[in-house]
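Please keep the viewer open as you read.

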Amino acid sequence: MTTTEIKTNDRTTAPATTVRPNTTTTTPTPRLNFAKAVPKVFRSVIGLDAAAREGLDPTLVELVQIRASHLNRCAYCLHMHTTDARKAGESEERLHMVAVWQEADHFFTDRERSALALTDAVTRIGDMGVPDEVYDRAAAHFDEEELAHLLALIFTINTWNRIALSTAKRAGTDER
């Protein structure tokens, strides 16, 4: 079996476009322009994004967006948010550690680690929901309003990741 074939029920199928889940063998061709196709929906997501960020530290916002984009394998958003984080003064060292934050916890504050843990749980919500200990840890570092904003931020970046992945946005083509 070649790397582009999938074996299912002991039968080899025709060549596949995926080698592993969420990975394509070719660079996707951009699809519809979501912003132009449904401008009202697009503006609504922008509004949710702006409202979610209110009151949150801009560095924390970028760390959360980078982490969710790692988990969702969204190169477009990952490129955008690492670029924004650099412009805001974030260190290369910390940017490289976001993907492995649990093993490199000394690079991040307790508050940032609690936000990253919540980002992991909410982004992977289908795996086991949001465990009480993860939620409680975040609630210990954020007041109720901040926690609600943090959750809204996580919801929003997951929405942006899904828009970018579904419409095959290409990394490095930030159109903001």
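Helices (H or I, at least four residues) and strands (E, at least two) are DSSP runs, numbered from the N terminus. With that naming, Asn-72 belongs to helix α3, which covers residues 58–72. Before going further, a word on what you are looking at: this is a predicted model, in which local features need pLDDT of at least 70 and side-chain atom pairs count only at pLDDT 80 or more, while totals for chains, interfaces and linings use all residues. Residues are numbered from 1 along each chain as its sequence is written, and side-chain values use heavy atoms, with hydrogens and water left out.

Now for the overall layout. The chain has 9 helices and 2 strands, and from the N terminus the order is β-β-α-α-α-α-α-α-α-α-α. Of its 176 residues, 37% count as buried (under 20% relative accessible area, with exposed meaning over 50% and partly exposed in between; 1.4 Å probe, protein chains only). Contact here means heavy atoms within 4.5 Å. Among contacts between residues at least 6 apart in sequence, 64% join residues at least 24 apart.

Next, look inside. A nonpolar core is a set of buried Ala, Val, Leu, Ile, Met, Phe, Trp, Tyr and Cys residues joined through side-chain atoms within 4.5 Å. The largest one holds 27 residues, and Val-64, Leu-118 and Leu-150 touch the most other members. Two or more residues come to this core from each of α3, α6 (110–123), α8 (132–141) and α9 (144–166). A second, separate core has 10 residues, including Val-45, Cys-77, Met-80 and Trp-160. In soluble globular proteins, nonpolar side chains tend to be buried together. To see Leu-118 in its setting, find its contacts with Val-130, Val-134, Ala-138, Leu-147, Leu-150, Leu-151 and Ile-154, a list that leaves out residues up to four places away in sequence.

How do the helices pack? Axes are lines fitted to C-alpha atoms, for helices over the stretch in contact, and angles run from 0 to 180 degrees between N-to-C directions. The α6 and α8 axes are 9 Å apart, at an angle of about 145°. Residues meeting across this pair include Ala-117 and Leu-118 in α6, and Val-134 and Ala-138 in α8. For α3 and α4 (residues 75–87), the angle is about 155° and the axes are 9 Å apart.

Let's return to Asn-72. At 13% relative accessibility, this residue counts as buried. Its contacts, not counting residues up to four places away in sequence, are Thr-123, Asn-158, Asn-161, Arg-162 and Leu-165.

Finally, consider the backbone. Most residues other than glycine have a negative phi. Arg-73, in the loop between α3 and α4, has a positive phi of about 60° although it is not a glycine. With 40% relative accessibility, Arg-73 counts as partly exposed. Ala-168, in the segment after α9, also has a positive phi of about 60°. At 3% relative accessibility, Ala-168 counts as buried.
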